[in-house]
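Trainee: Please take a close look at one part for me, the pairing of charged side chains, and go through it in one piece.

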Amino acid sequence: MAVAAVHAGGIADHIHPEPQGFVRRYVFSLDHKIIGIQYIITAFVFFMLAGLLAEAIRTQLLNPGGGFVANGTYNEIYSIHGSTMVWLVTIPLLTGGFGNLVFPIMIGARDVAFPWLNMLSFWIFPVSGLMLFSSFLLGAPTAGWMEYPPVSLQGAAGTSMWCAAIFLVGVSSTMTGINFVVTILKMRAPGMTFTRMPLFVWGQFATAPLLMIATTALAAALAALFIERQFGVPFFDPAKGGSPVMWQHMFWFYSHPAVYIMILPAFGIISEVLPTFARKPIFGYKLIAFSSMSIALLGFMVWAHHMFTSGLAPFLQLPFMILTYVIGVPTGIKIFSWTATLFRGKIHYTTAMLFAIGFIALFTIGGITGIFLAAIPFDLHVHGTYFIVAHLHYVLVGGSLMGIFAGMYYWFPKMSGRLLNETLGKLHFWLFFIGFNLTFLPMHWLGMEGMPREVATYDPQFTFWNRFESFASYLMTFAILIFFFNAIWSIRNGKRAGANPWGARTLEWQIPSPPNYYNFKHVPTVYGLPYDFSTPLPYKGLDEELTDSPPVPAGAH
Amino acid sequence: MSVASLARGAHGELDQLYIETRELRLQGFLLFLVSDCVLFSSFIFAYLYLRNSGQGWPPPGIQRLDVAFAAWNSVVLFGSGATMHYALENFKHGKWMAYMWFLLATIVLGAGFLGGQAYEYNHLIYAEHVTWWGSGIFGASFFTLTGMHGMHVFFGVCYLTVLVLQSSAGVYTRGKYFGITAGTLYWHFVDVIWVVLFSIFYLL
Amino acid sequence: MNAATIERLGAVIAGIVVAVVAFYALYKDWRAEGTENQVFKLMLLLLGLGAVLALLAGLNVVGFAPPKGA
């Protein structure tokens with residue numbers, strides 16, 4: 001009933017006046033586009049802070065004996081670096097940020113299902129970020145972003161602050177997930193069937209249930225750790241009968257799906273950027289869409305592959321190893337589909353496209369080392385070494401972050417109405433790509449030779465490559481400074497973009513940049529996939545005037 | 001389109017918009033219950049994991065829980081689920097007084113369950129010296145899970161009380177009563193969680 | 001008759017009542033449509049099973065007899 005009403009344009013075709021006043025328009029805004037931009041700006045601020053922490057890590061590792069910061073401080077720094085990058089940068093950028101910014105427009109909706117909840121989700125996020133960073137004042141957590149007990153039970157008071165902060169940001173993610181699922185299920189434009197949704201929407205649709213379900217599991221683990229630390233209620237302390245391995249189960253039951261939360265929306269971004277700049281229909285639309293869903297589902301069944309060294313029963317190790325291999329299949333399907341999309345395409349090497357191609361290259365390396373790590377014998381050898389650090393950075397920086405940058409260059413005109421500078425953008429890409437590989441590629445062999453991660457000092461035999469990596473990481477930071485300069489400069493001085501600077505075909509490019517408050521003058525009817533270049537656009541009714549007049553406010557007669 | 005802003009529309013449009021947004025709110029609420037269910041599941045997993053970590057159950061020095069009282073108290077809660085169901089049914093059929101009485105009965109039974117749980121906690125803490133923090137993994141899992149459930153029941157009782165006040169003020173009409181549906185869903189959810197908790201703590 | 005016996009008796013009698021009511025409500029609602037009614041049906045089923053469990057616990061069929069009052 002309601003679905004029919006929505007599809008007939010019932011919900012969608014009432015336009016309410018835009019709220020006036022700075023606070024209601026830009027601070028406590030209910031508009032999904034503004035909230036998306038708020039997410040992006042806040043997350044990039046945290047990205048800068050966590051990037052500074054990363055440089056502190058690399059500077060410490062210039063010398064085998066360290067000496068830049070105290071060894072205890074080093075532990076705090078890498079813990080907060082990891083926590084920030086995962087929970088305050090990558091997840092908010094990809095879901096709350098780009099998700100909010102474009103996916104409601106892509107499905108032809110005027111807003112998300114619960115705008116008020118959306119605003120609440122956003123405002124919890126900076127608060128939890130401030131809490132996380134204020135844990136430095138109390139003595140920050142020292143057990144890495146995983147916070148394994150018993151170390152996290154012995155950590156300073158800031159560890160409890162960490163629990164509370166991550167719990168809060170988890171609440172925010174859960175609300176975003178609920179909001180997105182309902183929006184995609186119920187608020188699509190007429191004719192926007194599931195198999196006509198753009199692939200970015202499919203990425204969000206696969207991610208949102210993970211946000212909703214997995215994050216709540218993490219909330220339980222954090223609550224248990226918090227009450228154990230504050231009230232001495234034993235869950236994880238082996239001295240009182242608790243089990244530290246249980247934390248690993250509860251944590252990874254969240255955090256492995258979290259890996260997919262951080263990569264599935266990036267897959268979506270890549271699947272938008274590639275066909276647009278190859279001027280070719282995406283290869284294997286349904287395969288890409290359904291492989292996202294199967295990755296999301298399988299993601300819940302592989303968590304214990306992080307725990308092969310924790311004394312997991314051997315009869316459990318084997319299925320987790322096999323399932324982890326299985327998850328490589330849908331991921332491989334995507335890589336091949338993207339490559340086939342590029343094949344014989346008319347490729348435009350814009351910065352967004354460079355980042356998308358870079359994504360395919362680097363994510364493939366990260367994915368393949370993931371397949372290595374799924375093998376129990378290999379994992380036992382390199383567990384807790386720099387090989388893991390290399391692998392996770394190839395997936396999260398080479399994958400998620402490259403996807404984020406591709407999305408930034410692609411959608412910046414939609415946000416601001418102006419293009420990012422392409423020359424600076426290409427400089428950014430090349431310096432970042434080279435700097436990234438020089439930083440993280442050597443970590444593979446350092447790890448194979450046995451350099452342990454999360455330690456403030458190292459054996460002098462590793463000195464050369466560590467110094468090499470540190471200098472390369474400065475190059476990477478320089479590239480990111482170029483990006484920040486570019487973004488700030490282009491907001492005022494960039495070339496005006498117009499509605500559709502890339503010649504893209506999804507719905508968000510068919511309306512002005514930046515879009516009007518309620519996105520569409522008239523909600524369009526959708527007739528097909530958005531990827532068939534050389535055919536007319538599959539939308540009807542975008543330029544019509546509203547048929548039913550806007551509601552008259554009560555008492556205005 | 002914000003639900004809030006739609007509700008502010010002109011009167012004639014309100015019911016139509018209510019019908020349209022009701023489905024969104026229903027799904028959102030169901031998904032909230034799903035994620036709440038995951039929260040309980042995680043703690044239940046923790047309990048079962050600790051229970052099977054090799055010390056036997058209950059751990060040395062702790063008596064088994066009293067099944068008789070818990071069975072009686074559970075039936076009180078399950079009964080409140082049945083009365084809530086009939087409150088909603090009666091509301092749907094326009095039987096106002098029956099609705100009110102069933103709703104009040106639900107509140108009384110829910111509060112009775114909370115009282116029973118308070119009695120049980122009291123007995124455990126003062127007679128058997130089993131505490132949240134001092135009784136190892138038994139106290140940790142039992143008090144955390146039942147306490148979390150008790151909080152849910154408490155919030156439910158508060159919500160149902162708000163429903164009584166709202167209903168008396170005429171907020172809900174026969175065509176527009178999502179608040180009551182949500183309350184019923186939530187209350188059933190709380191009951192069903194207790195079915196699981198009762199089974200794994202008292203019967204297993 | 002001690003307290004435990006009264007509690008058990010109460011659990012059995014009230015358990016029968018609640019189980020019958022829950023299953024009757026489920027029977028009446030069996031053909032109801034719509035998302036929330038599907039959920040209600042599942043909930044009523046579990047509720048009835050819960051009442052049966054409590055009833056059986058009262059009869060000492062499932063669960064362990066507590067050391068006191070037995």
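Mentor: A:E469 is buried, at a relative accessible area of 0%; buried means under 20% relative accessible area, exposed over 50%, and partly exposed in between (1.4 Å probe, protein chains only). This is a predicted model, in which local features need pLDDT of at least 70 and side-chain atom pairs count only at pLDDT 80 or more, while totals for chains, interfaces and linings use all residues. Residues are numbered from 1 along each chain as its sequence is written, chains are lettered from A and ligands numbered from 1 in the order in which they are written, and side-chain values use heavy atoms, with hydrogens and water left out.

The partner of A:E469 is A:R58: their side chains form a salt bridge, N to O at 3.2 Å. That term stands for a side-chain nitrogen of Lys or Arg within 4 Å of a carboxyl oxygen of Asp or Glu. The pair connects distant parts of the chain, with A:R58 in helix 3 (residues 32-60) and A:E469 in helix 16 (residues 463-493) of chain A, 411 residues apart. Helices here are DSSP runs (H or I, at least four residues), and strands (E, at least two) are too, numbered from the N terminus. A:R58 also counts as buried, at 5% relative accessibility.

Another pair joins two chains, because C:E36 lies in helix 2 of chain C and B:R22 in helix 2 (residues 11-51) of chain B. Their side chains meet at 2.8 Å, N to O, and both residues are buried. Across the interface of chain C and chain B, the rule finds 1 salt bridge. Helix 2 of chain C gives the largest share, 15 residues. The contact (heavy atoms within 4.5 Å) takes 33 residues from chain C and 36 residues from chain B.

B:E89 is buried at 16% relative accessible area, whereas B:K92 counts as partly exposed at 24%. Over all chains, a search of the whole structure finds 6 salt bridges.
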